[in-house]
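Me: I'm new to reading protein structures. Could you walk me through one, feature by feature?

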Amino acid sequence: MLVPAPSAAPRRGLTVATLAPVGLNGSLSASALTVVPGETVVFELRVTDDGAGEGTAGQPVVLKVGGPGRPFSYIVPETVTIAAGGSETVRVGFRVPRTSVPAAGPLPFDVRAEGLGIVLAEGVVDVAPFSILSATIDPVEVSGRGPGRHTVTVSNRGNAPVNVTLAAYPGEGIDVRVDPPVVVPSPEGSASATVEVTPKSQPFTGDTRTFEFKVVATAEGGKPVEVGGRLVQQVAVATRKVVASGVVVAVLVLALVLGLTVFNGGSPSGSAQAPEVENVAANDACPAEGRRDNYGVSGMRPEDIPRLPNAYSFLHVMEDGCTPVRFNPCEPVHYVQNSALAPPTGAADVREAFAKLSRATGITFVDDGETDEVARARSNHYLPERYGERWAPILVSWTRFPSQGNDPTIQAVGRGIGHRVGDVLVSGQLSLNVDAVTDREARTPLDGGFGPEIGSGVGAIGPKGVTWGRIILHELAHVIGLGHTRDKGAIMYPESAEQTGRPSEFQQPDLQGIRYLGREMGCLATPPVPGA
């Protein structure tokens, strides 16, 4: 991209600053770049000492990003030493999470020389719009003789309002009307429409009939989201009323028994989850109450799983017993990777897993590249000789685990833990066992990627469905403080082969806990490094 000459008017905030008393000039490679949420853009900043000033030539200059773009930025390197008349080029990067913050549109920033009170350059990151839709229908089933009315609600976890078209697909025997046919949910908001289902005929006698339909929500340029509902049509005189009263009583008793089973979690229909959802909503004042995973820290056995909390849990909790310990979500969190022993797709799977975690939490994770660091003590989260005057980045290492004994049913494939200073996580590490197999006799290694895909089956994914992407997602969630759950539909269920979610994405139970660990809960104060 062309850069205006110093005499040209700057475009969209580009500043070429010349400050004679200090002698530092700064120029960006572009005045503005567009970033797609979940991805990274990089400006180059050329810093020159023109020799006209005093006191800066040959001295370290610390560069910082200011302005609204600061929480999503990083500079490599952050400190430069420039000889009189010389120059240095640094990379100013921005990784914007795939969340509602920041909103779509311009995100101005500046780069300044810390302690000198000057701004070297100014620019703009244009955040591209995106939408993540989900849809619900309430009630799912309507029973009666006449038309049924449902409410479809579309939620938008994107960063800009979006036009969503609602299209009805009725089954045979019914007409379905959606009003309005287009809704516009705002970021982190929702919009609703009424769905009226009308039977084409209304018989007076006969059997109860069930009609199914679906509504598909489609955003501009986005993937469609589908929800389904049912209309149970009653008749005035049901055929079943002619049966003996004793049989009717027996059927009623059976219905009561089945209802009790559903309430206690015995049905796969999902009805048993309603009490859990209510508990989660009521738990905002004390998210960690009854949701601490002590096994995940001290070591877990299969017999411990039934004693885990449902939906979600936390590994670290403050002394108040309510607040989970987490990273500061408003500052970038860096990571490095030692992939010398990684399988073919391993390093790419790690990067994709961090991207998924970023979308779920709103935290910006910055890839600082490769390292030769192999392992790290839990207390060793400040390594200035290796990573400079900052908290050490999260270490992801592909390594070999020691022997795990003779029990063929137990195999550790990864370990993730966050490093805590006070009540804030500042670093962490993730170790991945390159010797992990899906079949111990055949020594079949894990596949890469995030399968199995939707439609590949129901129930437990089985050993062959365990992939590196699934393991990395699970362990990275531990690094940010999320514990285990006894819900097999969640990524955080301890036995990977028994999980049921397809494909490998954070599921609703996981997201309920992640909500309390990410940007939605607000900023924290990152502890200063020792000696700062």
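Me: What does the chain average in pLDDT, and how many of the residues score at least 70?
Reply: This is a predicted model, and pLDDT is the predictor's confidence in each residue. Here the chain averages 82, with 83% of the residues at 70 or above.

Me: Okay, on to helices. How do I describe the way helix 4 and helix 6 pack?
Reply: The general idea is that two packed helices are described by the angle between their axes and the distance between the axes. In this case, helix 4 (residues 346–361) and helix 6 (residues 468–479) meet at about 50°, and their axes are 9 Å apart. The two are therefore oblique to each other. Their crossing is right-handed.

Me: Which residues make that contact?
Reply: From helix 4 you can pick out Gly346, Asp349, Val350, Ala353, Phe354, Lys356 and Leu357. Helix 6 brings in Trp468, Gly469, Ile472, Leu473 and Leu476. Sorted by kind, the residues of this contact are 8 nonpolar, 2 polar and 2 charged.

Me: What about disulfides: how many does a search of the whole structure find?
Reply: A disulfide is a covalent bond between the sulfur atoms of two cysteines. The search turns up 2 of them. Take the one joining Cys286 to Cys322, where S to S is 2.0 Å. The torsion about its S-S bond is about -90°, so this disulfide is left-handed.

Me: Where are Cys286 and Cys322 in the chain?
Reply: Cys286 is in the loop between helix 2 (274–282) and helix 3 (295–298), while Cys322 is in the loop between helix 3 and strand 22. They are 36 residues apart, so the pair links distant parts of the chain.

Me: Last topic, the backbone. What should I look for?
Reply: Most residues other than glycine have a negative phi, and most peptide bonds are trans. Now look at Val101 and Pro102: a cis peptide bond joins them, with omega about 5°. Pro102 lies in the loop between strand 8 and strand 9. Asp179 and Pro180 are also joined by a cis bond, with omega about -5°. You'll find Pro180 in the loop between strand 15 and strand 16.

Me: And what is the phi of Ala311?
Reply: Ala311 has a positive phi of about 70°, although it is not a glycine. Look for Ala311 in the loop between helix 3 and strand 22.

How values were computed: Residues are numbered from 1 along each chain as its sequence is written. This is a predicted model: local features need pLDDT of at least 70, side-chain atom pairs count only at pLDDT 80 or more; totals for chains, interfaces and linings use all residues. Side-chain values use heavy atoms; hydrogens and water are left out. pLDDT is the predictor's confidence in each residue, from 0 to 100. Axes are lines fitted to C-alpha atoms, for helices over the stretch in contact, and angles run from 0 to 180 degrees between N-to-C directions. Helices (H or I, at least four residues) and strands (E, at least two) are DSSP runs, numbered from the N terminus. Angles under 35 degrees count as roughly parallel, over 145 as roughly antiparallel, 65 to 115 as roughly perpendicular and the rest as oblique. A crossing is left-handed if the near helix is turned anticlockwise from the far one by less than a right angle, and right-handed if clockwise. Contact means heavy atoms within 4.5 Å. Ala, Val, Leu, Ile, Met, Phe, Trp, Tyr, Cys and Pro count as nonpolar, Asp, Glu, Lys and Arg as charged, and the others, Gly among them, as polar. A disulfide is a pair of cysteine sulfur atoms within 2.5 Å.
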